[in-house]
Each structure stands twice: as C-alpha cells, then as structure tokens.
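User: I am new to this structure and would like to go through its backbone and its helix packing step by step. Could you take my questions in turn?

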Amino acid sequence: MLGSTVDDAAGECFDKTARLIGLPYPGGPALEKLAEQGNSRAFAFPRPLLHEANDDFSFSGLKTSVRYCLRDHPEILDTGQRLRDLCASVQAAIVEVLVTKTVRAARRLNVGCVTASGGVTRNLALRKELAAACREAGLLLRLAERSLCTDNAAMIGVLAERKLLGGQSSLPLYTEIAASWALA
C-alpha cells in the first residue's frame with residue numbers, strides 16, 4: 001500500500017459536503033449533478049496534502065473549509081448558481097488531489113498502468129481528469145465500469161456474507177483491522 005487517508009476519505013468528503021448543503025445520502029452523486037452546471041473556479045478551496053511527497057490523502061480540511069464558507073455566506077444555499085459553483089469547486093478540489101497524487105505515484109514507481117475502482121470512481125469529472133492526466137503521462141488507464149463502482153462498505157459486506165456462507169468463521173469484534181487482509 002502506497003498511501004491511505006489520514007482522516008476523511010474522498011467519498012466521505014463528497015457525502016459530508018452534500019449533507020452540509022442539504023442533499024440526501026449518498027450525497028456524492030447529487031453533488032456531482034449540481035457541479036455539472038457550476039464554475040469550478042468560483043471558490044478557492046484547499047487541496048490537502050497535494051504538495052506533500054507522500055501518497056496519503058486528507059479531506060477533513062476541505063470539508064471544514066466548506067463548512068466555514070457556508071457559515072460565513074449562508075446565502076449560497078439560496079442561490080442556485082452559487083450552490084452549483086460551490087459543488088463544482090469542491091468536486092474540482094477532490095479530483096485534483098486524487099488525480100495528481102495517483103499520476104505522481106505511477107510516475108515515481110515507473111508503472112505503465114493505472115487502475116481505479118470504488119464509489120468515487122463513478123464520478124464523471126474524476127474519470128475525465130484521470131484519463132487526461134494518464135494520457136498526458138503516457139500511462140494506460142483501466143477503470144472499472146461505472147455500474148460496478150459502488151460504495152466500498154457494500155462490497156465489504158457482500159464479501160463478508162460470502163465468507164460466512166463459505167464456512168469461514170467470523171473474527172471477534174475487537175480484532176485489529178489489517179489493510180492487507182486476503183479477500184478469499
């Protein structure tokens with residue numbers, strides 16, 4: 001594993017931002033829909049850890065920045081275009097961090113192919129920007145079909161069910177989590 005989230009993951013940031021503006025859960029798809037007609041440069045939200053040499057991600061600061069922006073400018077929620085601009089700006093910040101760090105890691109490790117899956121990979125802006133960045137870097141990009149990009153928690157739940165049905169015993173609730181647990 002090259003990197004991980006140190007606090008809020010990208011999907012969490014999408015969902016929590018959506019909740020701040022009153023969108024239903026899961027908020028990522030609803031936020032993306034509003035962002036389609038927004039100006040991604042309208043708000044200068046932070047790009048957490050973008051310039052750090054590590055491969056880790058952190059989106060709690062971005063979420064907090066959005067919270068303060070809405071606190072200081074509650075009228076954004078009442079103005080359709082400003083709300084779309086906010087959504088586009090949040091999405092652009094998340095996408096830029098994910099794309100930049102992914103391509104930078106691929107170049108550093110001298111790999112020729114980048115793959116992506118999971119719920120956030122369903123986001124069309126991420127898919128478009130990642131494709132453009134990989135093309136520019138000479139990297140092959142393999143993305144899971146959008147219909148297969150679902151919430152990671154759902155995938156983990158299905159896997160757990162299959163393991164139990166296959167006769168594997170469950171682990172005690174106090175078991176420490178290991179990022180490299182085998183899937184089979």
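The questions and answers below concern this predicted model.

User: Is Asn110, with its positive phi, buried or exposed?

Analyst: Asn110 sits in the loop between α4 (80-108) and β1 (113-116), and its phi is near 55°, a positive value in a residue other than glycine. The relative accessible area of Asn110 is 69%, and a residue counts as exposed when that value is over 50%. Asn110 is therefore exposed.

User: How are α2 and α4 oriented to each other?

Analyst: Two packed helices are described by the angle between their axes and the distance between the axes. For α2 and α4 the axes are 7 Å apart and the angle is about 115°, while the crossing is left-handed. Because angles of 65 to 115 degrees count as such, α2 and α4 are roughly perpendicular.

User: How many residues of the contact of α2 with α4 are nonpolar?

Analyst: From α2, the residues Leu31, Glu32, Leu34 and Ala35 take part, and they meet Leu83, Arg84, Cys87, Ala88 and Gln91 of α4. Of the residues in this contact, two are charged and one is polar, while the number of nonpolar ones is six.

Technical notes: Residues are numbered from 1 along each chain as its sequence is written. This is a predicted model: local features need pLDDT of at least 70, side-chain atom pairs count only at pLDDT 80 or more; totals for chains, interfaces and linings use all residues. Side-chain values use heavy atoms; hydrogens and water are left out. Helices (H or I, at least four residues) and strands (E, at least two) are DSSP runs, numbered from the N terminus. Buried means under 20% relative accessible area, exposed over 50%, partly exposed in between (1.4 Å probe, protein chains only). Axes are lines fitted to C-alpha atoms, for helices over the stretch in contact, and angles run from 0 to 180 degrees between N-to-C directions. Angles under 35 degrees count as roughly parallel, over 145 as roughly antiparallel, 65 to 115 as roughly perpendicular and the rest as oblique. A crossing is left-handed if the near helix is turned anticlockwise from the far one by less than a right angle, and right-handed if clockwise. Contact means heavy atoms within 4.5 Å. Ala, Val, Leu, Ile, Met, Phe, Trp, Tyr, Cys and Pro count as nonpolar, Asp, Glu, Lys and Arg as charged, and the others, Gly among them, as polar.
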